[in-house]
Amino acid sequence: MNANSDGEIAGFVLVNNGEINNCMVLEESSLEISANKAYGFAKTNNGTISYCLVTGNITGTEEAAGFVGVNSETGTISNCYANADVTASAGVAAGFAITSSSTQYAYSVGTVTGTTAYGFMYHGNASNCYT
């Protein structure tokens, strides 16, 4: 996988403005998502993501999240999970999301390492979620 010109990469889509259901990003131990800013599934979600999963290693310099970077005010995420080791060598790392307006029935497992590290989410609203 290659990062865009801003040094950002996501396992499935950089920006979702629609609906994504029943998708998987399965990273084998020999393949990693790695860039300046790295996200397991999406950088930004403005739509709906449900019943999706990510496995693997997510590595960013400034920022890394196991599932999504930003789940916006119009975005919803439900019934999704991240089974990933997440590392941000010089910034914020989150097991599931950096920030989210609405996340339900989600979970994250794996090691989270960064200058600032959060097991599930840095900032936002979540219900029935765990890490």
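1. Salt bridges. The count comes to two. A salt bridge here is a side-chain nitrogen of Lys or Arg within 4 Å of a carboxyl oxygen of Asp or Glu. Side chains of opposite charge can pair when their charged atoms come close. Keep in mind that this is a predicted model: local features need pLDDT of at least 70, side-chain atom pairs count only at pLDDT 80 or more, and totals for chains, interfaces and linings use all residues. Residues are numbered from 1 along each chain as its sequence is written, and side-chain values use heavy atoms, with hydrogens and water left out.

2. Lysine 43 and glutamate 8. These two form a salt bridge, and their closest N and O atoms are 3.4 Å apart. The pair links distant parts of the chain, 35 residues apart. Lysine 43 sits in strand E6 (residues 42-45), glutamate 8 in strand E1 (residues 8-10). Strands (E, at least two residues) and helices (H or I, at least four) are DSSP runs, numbered from the N terminus. Glutamate 8 counts as buried, at 10%. The cut-offs are these: buried is under 20% relative accessible area, exposed is over 50%, and partly exposed is in between (1.4 Å probe, protein chains only).

3. Lysine 37 and glutamate 62. Here is the other salt bridge, with the closest N and O atoms 4.0 Å apart. Lysine 37 lies in strand E5 (residues 33-39) and glutamate 62 in strand E8 (residues 53-65), so the pair ties together parts 25 residues apart in sequence. Lysine 37 is partly exposed at 23% relative accessibility. Glutamate 62 is partly exposed too, with 42%.

4. Strands around E6. Look again at the strand that holds lysine 43. E6 runs parallel to strand E2 (residues 13-16), and three bridges join them. Two strands pair if DSSP finds at least two bridges between them. Which residue stands opposite asparagine 16? Asparagine 45 in E6 does. E6 also pairs with strand E9 (residues 68-71), in the parallel sense, over three bridges. There, threonine 44 has valine 70 as its bridge partner in E9.

5. Aromatic pairs. The structure holds seven. Rings of Phe, Tyr and Trp (its six-membered ring) pair if their centres lie within 6.5 Å; planes under 30 degrees apart count as stacked, over 60 as edge-to-face and the rest as tilted. Phenylalanine 67 and phenylalanine 96 are stacked: 4.9 Å centre to centre, with 0° between the planes. Phenylalanine 67 lies in the loop between E8 and E9, phenylalanine 96 in the loop between strand E11 (81-94) and strand E12 (97-104), so this pair ties together parts 29 residues apart in sequence. Phenylalanine 67 is buried, at 0% relative accessible area. Phenylalanine 96 is buried, at 0%. Both belong to one aromatic cluster, formed by Phe12, Phe41, Phe67, Phe96 and Phe120.

6. The chain as a whole. How many helices and strands are there? The protein chain has zero helices and 15 strands. Buried residues make up 47% of its 131 residues. The C-alpha atoms fill a box of roughly 30 × 25 × 25 Å, taken along the principal axes. Among contacts (heavy atoms within 4.5 Å) between residues at least 6 apart in sequence, 70% join residues at least 24 apart.
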